[in-house]
Amino acid sequence: MSEKTSGAVSKLQLSTPEISLKTVSKLITLKVKRYDPDAGRYKLSIYRVSVSRFDTVLDALLKVVRDQDHTLSVRYSCRMGICGSCAMMINGVPRLACMTNAISLGEVIEIEPLKNFPPVKDLFVDMDQMFRKHRSVKPWLIRRDEEEQFTAKKEYLQKPEEVDAYRLFSTCIKCGACMAACPTVASNPDFLGPMVLAQAYRWSADSRDEGAHIRFDIVDNPNGVFGCHFAGACSAVCPKNSDPALAIQLLRKSILRGKR
Amino acid sequence: MAESSLQILIKRVSGWFVPIINIERLAYLLHRLTGLYLAIYLPLHIISTHNSLNPIAWAQEMILYGSPLVKIGEVILIFAIFFHGFNGIRLLLVEYFNVCLPKKMPSSLYIEKRLSLDNCQKTLLYLTFVLSIILTILGTLYLLGLLVLW
Amino acid sequence: MEILRYDLVILGSGLAGLRAGIQAALTSKGKIRIAVLSKIHAMRSHSVAAEGGIAGVLYPEVTGDSFDVHAYDTIKGSDFLADQDAVELFVKLAPEELRFLDHLGVPWSRTPDGRIAQRLFGGMSIPRTAFAADKTGFFIMSTLYDNILRFDNVDIYHDHMATSFLMENGVFKGFTVLDLKEGTLKVFLAKAAIIASGGAARIYGFTTVSYAVTGDGAAMAYRAGIPVKDMEFMQFHPTGVVPAGVLITEAARGEGGYLINKDGERFMARYAPQRMEVAPRDIVARAIIREIMEGRGFIHEESGLGYVHLDLRHLGEEKINTRLPFIRELAKKLVNVDPVYEPIPVRPTAHYTMGGIHTDTYGHVMFDAKNYVPNLWAAGEAAAVSIHGANRLGSNSLAECSVYGRLTGEAAAKYALEASSSMLELSSSLEEAVKREEKRIFDELFKTETNAEDPYQIRGELWRTMDTYVYVFRDEKGLMEAGRIIRDLKNKYKRIRVDDRSRKYNMNLREAIELGNMLDVAEIVIVSALARTESRGAHYRLDYPKRDDVNWLKHTLAYYTPEGPRLDYIPVRITRWKPEERKY
């Protein structure tokens with residue numbers, strides 16, 4: 001009984017995807033620009049790796065780490081495009097490595113750490129300033145009666161159309177790709193940035209929120225919403241199609257027209 | 001290692017140039033460059049026309065203005081004026097008058113196009129480029145004397 | 001060496017951790033200092049990947065629901081291994097959590113009149129799963145992270161990975177924490193702590209979870225002398241996409257999706273005729289594997305994995321776009337399949353750890369059936385209360401995280417308010433322990449040996465072993481083979497070499513530490529599974545296919561010994577529902 005069943009167990013619950021039986025695969029080149037903190041500058045590492053038709057750029061990088069160079073440090077976690085860890089410059093465009101198919105990019109893929117963030121090591125960048133800017137616009141539900149808010153006896157009613165008004169912008173995963181693409185962020189380090197402004201709008205447009213005027217005061221200056229000159233690159237690269245440029249335009253409209 | 005102010009300035013300005021991902025970003029870059037160009041041109045123009053009061057300086061200037069470099073600069077000036085003007089109108093319509101904002105936010109989270117970019121805004125943008133280029137060509141022809149206006 | 005002192009330290013910034021942080025901040029009214037530690041960025045915890053929904057009896061007058069029905073569904077779903085007093089508490093508090101999350105700003109999907117919408121889910125007899133499109137976990141995480149920023153007394157530490165517990169005389173003292181950004185070891189001393197470090201499904205290679213879900217909290221607690229409970233129960237989610245393993249939410253089946261085998265039949269009719277595809281996960285997972293084993297499944301050409309089809313075409317494009325947009329995006333991007341036109345290839349995937357750190361009904365960590373660790377709590381997937389018993393129902397996990405985040409946050413904050421500052425002293429024996437830990441990480445892991453082992457090879461071997469022998473169907477021979485391999489790998493682990501010598505963001509070092517934790521957890525899973533000679537819930541033995549309530553209606557506790565886990569057992573707490581046959 002044991003002989004038969006254990007054979008059944010090991011034969012039919014086949015191997016993990018790491019062992020491939022028949023793969024359509026191709027040898028590609030990764031040119032990775034890595035930051036060396038001890039030397040204080042970038043260095044270029046070139047790797048050749050074999051990828052299958054489903055492999056993403058993150059899969060390719062992890063194959064390199066596993067088989068060729070254990071010292072390559074990459075930030076990653078969920079590998080399904082929802083945590084926002086693996087944003088980096090891929091062939092000059094900020095993208096999520098785990099949602100970018102490798103074979104479709106051609107023979108050579110150029111990878112660099114995310115732009116407009118201070119690099120720390122290899123492909124890791126320091127996102128503390130973005131998190132600080134995010135916190136400064138008060139991205140939470142502001143109610144006049146906080147006591148009532150936190151004791152929550154009954155839910156707030158909200159019609160489906162009211163949810164639609166802001167839900168698109170709440171899909172932001174805070175990956176930083178929009179900040180890397182924005183030319184104003186590149187030239188003005190005090191500019192809040194598309195992600196932060198979109199989040200300021202997301203909370204202000206929520207029908208349950210009562211603090212829009214507070215946030216408008218925070219963003220109503222040349223480093224806030226009026227620093228945006230509609231380059232639109234943020235919405236062009238957003239991996240979740242969360243459209244921060246639209247949020248900024250709606251935010252500007254609300255401030256100029258005096259909504260709430 | 002502290003960076004000098006010049007290094008910082010270069011790093012900041014270079015952020016305008018790369019990466020160019022979409023056409024709106026190209027328009028952003030051209031708007032800044034043409035704006036800078038016009039901002040440098042205008043005081044020079046005022047100083048230059050001030051010299052029309054002095055015949056000798058004026059004659060020297062006219063010789064200077066005959067050189068090919070200045071002629072090319074004039075063509076760029078024509079483009080700068082038209083592009084900066086039309087793009088400015090486009091930005092005014094889109095950013096202040098909110099002409100191209102969607103009427104209703106979508107109820108589905110399956111999004112295939114960007115509501116801020118893929119709408120009448122794109123049309124206005126193409127119009128800006130096309131009109132600017134056409135009028136620049138016409139202006140250049142006029143400068144070369146190949147086109148007579150009336 | 002930097003020493004930081006806090007009143008309350010929360011290990012892990014997922015749903016449970018952040019909810020505990022918010023509750024602790026509210027309970028203490030700003031009087032205590034709270035630290036939240038995350039080994040990645042705090043808002044990127046794996047809770048963001050949860051898709052389907054969160055259960056709670058919100059509108060009993062409308063749906064005919066009641067706490068008793070939710071409790072019964074949960075207990076029956078757990079194959080009667082759940083502690084029933086804990087389940088009764090849990091179902092009473094779940095609807096309050098849904099309202100609280102609404103008050104924080106979660107964008108629930110709504111009914112036309114503005115109330116929170118609820119849908120049917122696996123194993124639930126009445127629709128009680130509230131959802132936010134198909135990214136419920138993401139929206140709740142995002143809202144909790146945004147809201148925890150409003151408290152000035154909460155400090156969030158990104159890129160800080162705890163490496164060990166510091167205990168003294170049965171009292172919790174603090175953590176040794178590796179600051180990944182600088183590469184230095186810090187000590188966090190705390191009056192009270194909450195472990196919310198998540199599950200351990202990454203011991204498998206084919207899994208829905210992120211690379212960071214490595215069971216660190218459970219492994220550290222185990223090594224500190226705290227028992228881990230019921231680790232043999234690892235849930236396999238029926239629908240993980242092939243070959244990536246990424247989760248396709250149960251809501252796809254809840255909204256009406258079909259599971260089809262190679263012959264085009266809805267085979268669930270033969271395994272759960274009443275509930276069909278919306279039966280509990282362990283039943284569906286076993287059904288799929290049975291179909292594949294008996295030759296009625298497809299074979300994926302590139303990875304060799306068997307799979308069946310999840311067919312959503314009959315739902316129509318509009319319903320998919322409104323209710324399941326994330327699934328559509330994932331299927332298109334990862335396997336080039338558009339669910340509106342083609343069925344998705346799916347297969348059971350390692351997903352959730354029912355087991356975890358042993359706690360009582362309120363999340364308070366215990367050494368055994370009677371003795372407590374006075375100042376330590378555990379919440380979320382890292383803890384085993386146990387609510388889910390031998391099998392978890394979908395949408396109960398988000399509810400558990402929120403309920404126990406609240407309970408532990410409140411209890412820990414109250415303890416910290418009354419505890420004296422003398423608890424934050426670094427005694428000489430603690431300093432010794434810290435120095436030993438520093439030596440272990442920086443000297444032993446960085447050791448140079450000529451015939452050193454490669455941690456990535458060991459990890460690949462671990463994944464292959466767990467995927468083959470400790471999967472949906474297990475048997476004695478397979479488990480013994482797996483145990484032998486894991487013990488061999490643990491010996492190899494003592495000789496690994498970390499190639500990356502730099503200090504900052506040394507992923508090589510971090511993954512080597514995680515590998516140690518994963519090997520410990522894997523050993524516990526295998527030993528517990530080998531000992532349990534019955535089939536219950538997610539643990540199915542081909543050689544013992546029946547449930548055995550006479551001998552096995554008890555929880556497994558695993559204690560650390562240098563030779564391997566030592567097992568002990570405690571009874572299940574039954575209040576009102578007698579164990580019965582589990583049919584759907």
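## Glu476(C) and its helix

Glu476(C) is part of helix H14 of chain C; helices here are DSSP runs of H or I with at least four residues, strands are runs of E with at least two, and both are numbered from the N terminus. This residue is partly exposed, having 18 other C-beta atoms within 10 Å. The classes rest on C-beta atoms placed from the backbone: 20 or more others within 10 Å make a residue buried, 12 or fewer make it exposed, and partly exposed is in between. Ala531(C) is 55 residues from Glu476(C) in sequence, and their C-alpha atoms are 9.3 Å apart in space.

The model is predicted: local features need pLDDT of at least 70 and side-chain atom pairs count only at pLDDT 80 or more, while totals for chains, interfaces and linings use all residues. Residues are numbered from 1 along each chain as its sequence is written, and chains are lettered from A and ligands numbered from 1 in the order in which they are written.

## Chain C as a whole

Chain C contains 16 helices and 23 strands. Its radius of gyration is 23 Å, close to the 25 Å that the globule rule gives for 584 residues, so chain C is as compact as a globular protein of that length. The radius is taken over C-alpha atoms, and the rule is 2.2 Å times the number of residues to the power 0.38. Along the principal axes, the C-alpha atoms of chain C fill a box of roughly 65 × 55 × 50 Å.

Of the 584 residues in chain C, 62% are buried. Two residues are in contact if their C-beta atoms, placed from the backbone, lie within 7 Å. Among contacts in chain C between residues at least 6 apart in sequence, 76% join residues at least 24 apart.

## Domains of chain C

Chain C is divided into domain 1 (2-53 + 133-233 + 352-424), domain 2 (237-349) and domain 3 (428-562); such bounds come from an automatic or database domain assignment. The centres of domain 1 and domain 2 of chain C, taken over C-alpha atoms, are separated by 33 Å. Their contact takes 13 residues from domain 1 of chain C and 17 residues from domain 2 of chain C. On the domain 1 side there are four nonpolar, six polar and three charged residues. In these classes, Ala, Val, Leu, Ile, Met, Phe, Trp, Tyr, Cys and Pro are nonpolar, Asp, Glu, Lys and Arg are charged, and the others, Gly among them, are polar.

## Domains of chain A

In chain A, the assignment gives domain 1 (25-125) and domain 2 (128-257). Their centres, over C-alpha atoms, are 29 Å apart. Domain 1 of chain A gives 15 residues to the contact and domain 2 of chain A gives 12 residues. On the domain 1 side, strand S3 (87-90) and strand S4 (93-96) of chain A each give two or more residues, and S4(A) has the largest share, four residues. By class, that side has 10 nonpolar, three polar and two charged residues.

The contact between chain C and chain A takes 71 residues from chain C and 60 residues from chain A. Several helices of chain C supply at least two residues each to the chain C side, among them helix H4 (84-104), helix H14 (476-493) and helix H15 (507-531). The largest share, seven residues, comes from H13(C). This side has 32 nonpolar, 18 polar and 21 charged residues.

Chain A also touches chain B, with 28 residues of chain A in contact with 26 residues of chain B. On the chain A side, the elements giving two or more residues are H5, helix H7 (183-187), helix H10 (233-237) and helix H11 (244-257). H11(A) gives the most, with six residues. That side has 15 nonpolar, nine polar and four charged residues.

## Helix H5 of chain A

Val163(A), Tyr166(A) and Arg167(A) are buried in helix H5 (residues 160-167) of chain A. Seen down the axis of H5(A), the buried residues fall within an arc of 100°, so they line one face of the helix; the arc is that of the directions from the helix axis to the C-beta atoms. These buried residues pack against helix H8 (194-204) of chain A.

## The largest nonpolar core

A nonpolar core is a set of buried Ala, Val, Leu, Ile, Met, Phe, Trp, Tyr and Cys residues joined through C-beta atoms within 7 Å. The largest has 292 residues, of which Leu197(A), Leu8(C), Val9(C), Ile194(C) and Ile357(C) touch the most other members. H15(C) gives the most to this core, with 13 residues. Not counting residues up to four places away in sequence, the residues that Leu197(A) touches include Leu192(A), Val219(A), Cys228(A) and Leu251(A).
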